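Colleague: Could you take a close look at one part of this model for me? I'd like to follow a single residue's surroundings and then see where they lead.

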Amino acid sequence: MTEPLLEASGLTRSYRLPRERLFGATAHRRALRGVDLRLEEGGSLGVVGESGSGKSTLVRLLLALDRPDAGEIRYRGREVRPGPPRGLVWFRREVQVVLQDPTASLDPRATVRDIVAEPLECLRVPGDHDARVDEVLTAVGLDPDAGTRYPHEFSGGQRQRIAIARALASGPKVLVGDEPLSALDVVVRAQILELLRDLADRFGLSLLLVSHDIGVVRHLCRDVLVMKDGEAVEQGPAEDVLRSPSHPYTRRLLAAVPRLPAAQET
Amino acid sequence: MTLLEVAGLTVRIGGRTVVDGVDLDLDTGGRLGLIGASGSGKSLTALAVIGLLPDAAEAAGSIRLDGEELLGRSDRALSRLRGDRLAMVFQEPLTALNPLMRIGRQLSEPARLHDGLSRRRAAARAVELAAMVGLPDPERVVNSWPHQLSGGQRQRVGLAMALACRPALLIADEPTTALDVTVQADMLRLIDDLVVQQGTALLFISHDLAVVSQICRDGAVLNHGRVVERGPLDAILRAPSGPYTRELLAAARATSWDATPDPDEVAT
């Protein structure tokens with residue numbers, strides 16, 4: 001087995017719930033209960049689950065935005081510890097994220113060029129930043145002239161392209177997507193899905209995609225991990241898991257997905 | 001018998017035509033799926049039917065319910081029909097419910113307003129309605145607040161309120177889009193059961209072809225405010241005739257999950 005690029009073991013995280021009574025004991029909610037995962041170089045892993053399954057907590061931990069109560073994360077064998085930004089520059093250059101809602105994730109007062117160049121500056125990436133911005137804007141199918149405009153001048157799909165360009169700017173090896181297609185209309189969703197697949201191919205990216213949408217995961221990911229109540233109930237090659245799920249929850253989840261009638265000729 | 005007859009419905013907002021000559025027919029107890037991407041005019045069509053268009057919108061054409069023209073009626077006349085003959089379930093159950101009103105009062109409000117139920121009978125009716133939509137522990141749930149319920153439970157409350165007076169027509173605008181898939185499946189089954197039980201006609205609006213095809217046999221596809229294709233969904237989805245429907249369907253297939261994918265199409 002090859003050495004994993006990104007590996008997590010025994011990730012556990014609890015949150016304190018708001019107190020119901022002034023002197024009552026504080027209750028805790030265990031959002032993650034010992035999750036292991038590995039992402040190979042050039043691999044693609046889809047994390048599937050419903051609300052409250054712990055997906056978002058998992059993403060926060062994998063991006064070192066939050067500290068696990070137990071367990072650890074390694075990138076190419078090196079431990080990733082959340083802490084001062086300076087200590088994580090090496091990791092942030094390698095692992096970047098695309099979030100669900102590009103309206104919320106892009107600064108409305110910054111030009112597209114400033115938005116895309118920001119990680120280059122923050123992470124002190126060497127090289128010609130202007131040229132790099134042009135390069136990634138072209139890679140996501142935007143005209144480099146778009147750089148002088150502001151996010152509100154773009155449609156939802158184009159905004160998500162800008163967010164992807166920003167994620168690609170520092171030349172990462174891993175792209176984490178937290179529901180990157182969920183806020184998009186169906187036609188645009190298909191286009192951005194195709195773009196992600198194409199970019200992963202061209203830049204040799206490994207994908208970690210968190211989604212409630214099993215269709216998207218099936219089209220983009222080789223492996224899948226199914227989460228429920230903070231636990232990974234099933235993981236393995238997407239084809240096997242989706243074709244013959246072994247855990248009852250996976251079966252229930254797959255049975256609930258609405259299907260289109262088969263096309264006339266397939 | 002024709003229940004709803006929409007003819008040449010046009011809606012303009014700020015000089016822009018957002019619904020452009022839509023014709024729709026729905027029989028008593030019938031069902032129709034209205035399909036379109038965002039901005040296609042599907043929600044505005046629904047709002048026009050129930051008389052809740054934003055003030056800035058101008059509607060023209062004709063909307064007849066039981067042969068009576070609704071367009072141009074006063075708000076007072078329409079509010080006698082809304083909740084009684086016509087009702088709607090919205091996409092976002094949290095914003096559709098009043099956060100400052102207990103669940104029981106919201107559930108019984110349509111019955112109090114339209115049937116003039118007494119306080120006590122209204123309270124009993126609220127419990128019945130909560131039970132009808134399968135809310136857990138109906139006696140207790142009527143005393144809770146909207147924020148204490150899950151998204152799926154809130155949407156059940158929305159459905160119960162809509163069906164409280166056994167309306168002739170239920171308009172459901174993306175009622176399951178904000179829900180998890182397993183919750184969505186339960187909700188679709190519930191809508192299906194209840195409209196059959198009550199003999200309610202259903203106008204089901206969604207961008208999701210797969211969801212619409214689960215609950216409706218007939219559909220109309222909207223693009224830029226126009227109906228571009230209509231007929232049995234089965235036929236539309238197997239062999240779409242218009243270019244827009246083909247594009248929509250191709251996109252849906254490219255992102256949807258299919259139990260038996262083409263071997264060469266599986267992600268590699």
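Modeller: Leaving aside its neighbours within four places in sequence, B:A160 is in contact with B:L107, B:L129, B:A130, B:M132 and B:V133. Please keep in mind that this is a predicted model. B:A160 and B:L107 turn up again in the largest nonpolar core, which has 158 residues. Both are listed there among the residues with the most contacts inside the core, along with A:V116, A:A165, B:L170 and B:L203. The helix that gives the most to this core is α8(B), with eight residues.

That helix also takes us across to the other chain. Helix α8 of chain B, residues 181–198, packs against helix α10 of chain A, residues 248–256, at an angle of about 55°, and their axes are 8 Å apart. The two helices, α10(A) and α8(B), are therefore oblique to each other, and α10(A) passes α8(B) in a left-handed crossing. On the α10(A) side, A:R252, A:L253 and A:A256 take part, meeting B:V181, B:T182, B:Q184 and B:A185 of α8(B). By class, the residues of this helix contact are four nonpolar, two polar and one charged.

Stepping back to the whole contact, chain A brings 31 residues and chain B brings 32 residues. On the side of chain A that touches chain B, α7 (186–203), α8 (214–220), α9 (238–243) and α10 each supply at least two residues. There, α8(A) gives the most, with six residues. The classes on that side of chain A come to 16 nonpolar, seven polar and eight charged residues.

Methods: Residues numbered from 1 in each chain as written. Chains lettered and ligands numbered in written order. Predicted model: local features only at pLDDT ≥ 70, side-chain atom pairs only at ≥ 80, totals over all residues. Axes fitted to C-alpha atoms, helices over the stretch in contact; angles between N-to-C directions. Helix = DSSP H or I, 4+ residues; strand = E, 2+ residues; numbered from the N terminus. Parallel < 35°, antiparallel > 145°, perpendicular 65-115°, else oblique. Left-handed = near helix turned anticlockwise from the far one by under 90°. Contact = placed C-beta atoms within 7 Å. Nonpolar A, V, L, I, M, F, W, Y, C, P; charged D, E, K, R; others polar. Core = buried A, V, L, I, M, F, W, Y, C linked by C-beta atoms within 7 Å. Buried ≥ 20, exposed ≤ 12 C-beta atoms within 10 Å, placed from the backbone.
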